[in-house]
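Dear colleague,

I am handing over a structure to you with this email, and my notes on what was found in it follow below. Please keep it open beside the text as you read.

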Amino acid sequence: MKNWMNLIILSCKRITELSCSEENLNQLDSWRLALHLVICKACKAYHQQMRLIRLHMKANLEKKSQVDPQQVELLEKEILKKFKDGLN
């Protein structure tokens, strides 16, 4: 029973990793992320903070620089990768 639950309910560490790459999730991981966020208030808060950081980071980079949107997206992915790597 415990192994079955581990397939459905992801660990908090795995949720923080998925929060860094939310837009690239497959349907199963999106569902597992949503399920975990309903159950875990701490991960829900972290996920919301990461979304807010991404949103403001992207808006500020686009507004304050002459970098094209593709460059902004590459920089965003690089920063999120560093966040994700810092978790390991």
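**A buried aspartate and its surroundings**

D29 counts as buried, because its relative accessibility is 15% and the limit for that label is under 20%. Please bear in mind from the start that this is a predicted model, and that the values in this email are computed from it. D29 has its place in helix α3, and, when residues up to four places away in sequence are set aside, D29 touches R14 and L18.

The side chain of D29 also meets the side chain of R32 in a salt bridge, with 3.4 Å from N to O. Where do D29 and R32 stand relative to each other along the helix? They are three residues apart in helix α3, and therefore about one helical turn separates them. R32 counts as buried as well, because its relative accessibility is 14%.

**The chain as a whole**

The chain has five helices and zero strands, so that, read from the N terminus on, its elements run α-α-α-α-α. Of its 88 residues, 27% count as buried. The accessible surface of the chain comes to about 6,600 Å², and 59% of this surface belongs to carbon and sulfur atoms. If you look at contacts between residues at least 6 apart in sequence, you will find that 59% of them join residues at least 24 apart.

**Another residue of helix α3**

A34 also lies in helix α3, which covers residues 27–39. Is A34 buried, partly exposed or exposed? A34 counts as partly exposed, because its relative accessibility is 41%, a value that falls between the 20% limit for buried and the 50% limit for exposed.

How many salt bridges does a search of the whole structure find? The search finds five, and the bridge between D29 and R32 described above is one of them. Two others belong to helix α5, and I describe them in turn.

In one of these, K77 forms a salt bridge with E73, and the closest N and O atoms are 3.5 Å apart. K77 and E73 are four residues apart in helix α5, which covers residues 69–87, and so they are separated by about one helical turn. K77 is partly exposed, because its relative accessible area is 43%, and E73 counts as partly exposed because its relative accessibility is 38%.

In the other, K82 forms a salt bridge with E78, with the closest N and O atoms 3.7 Å apart. K82 and E78 both lie in helix α5, four residues apart, which is about one turn of the helix. K82 is exposed, because its relative accessible area is 57%, whereas E78 counts as partly exposed because its relative accessibility is 41%.

**A nonpolar patch**

Finally, I53, I79 and F83 make a nonpolar surface patch of about 230 Å². Of these residues, I79 lies in helix α5, and I79 is partly exposed, because its relative accessible area is 33%.

Methods: Residues are numbered from 1 along each chain as its sequence is written. This is a predicted model: local features need pLDDT of at least 70, side-chain atom pairs count only at pLDDT 80 or more; totals for chains, interfaces and linings use all residues. Side-chain values use heavy atoms; hydrogens and water are left out. Buried means under 20% relative accessible area, exposed over 50%, partly exposed in between (1.4 Å probe, protein chains only). A salt bridge is a side-chain nitrogen of Lys or Arg within 4 Å of a carboxyl oxygen of Asp or Glu. Patches are made of residues with over 30% relative accessible area and no salt bridge: like charges are joined within 9 Å, nonpolar side chains (Val, Leu, Ile, Met, Phe, Trp, Tyr) within 5 Å. Accessible areas come from the Shrake-Rupley method with a 1.4 Å probe; for residues, only the protein chains shown count as cover. Contact means heavy atoms within 4.5 Å.
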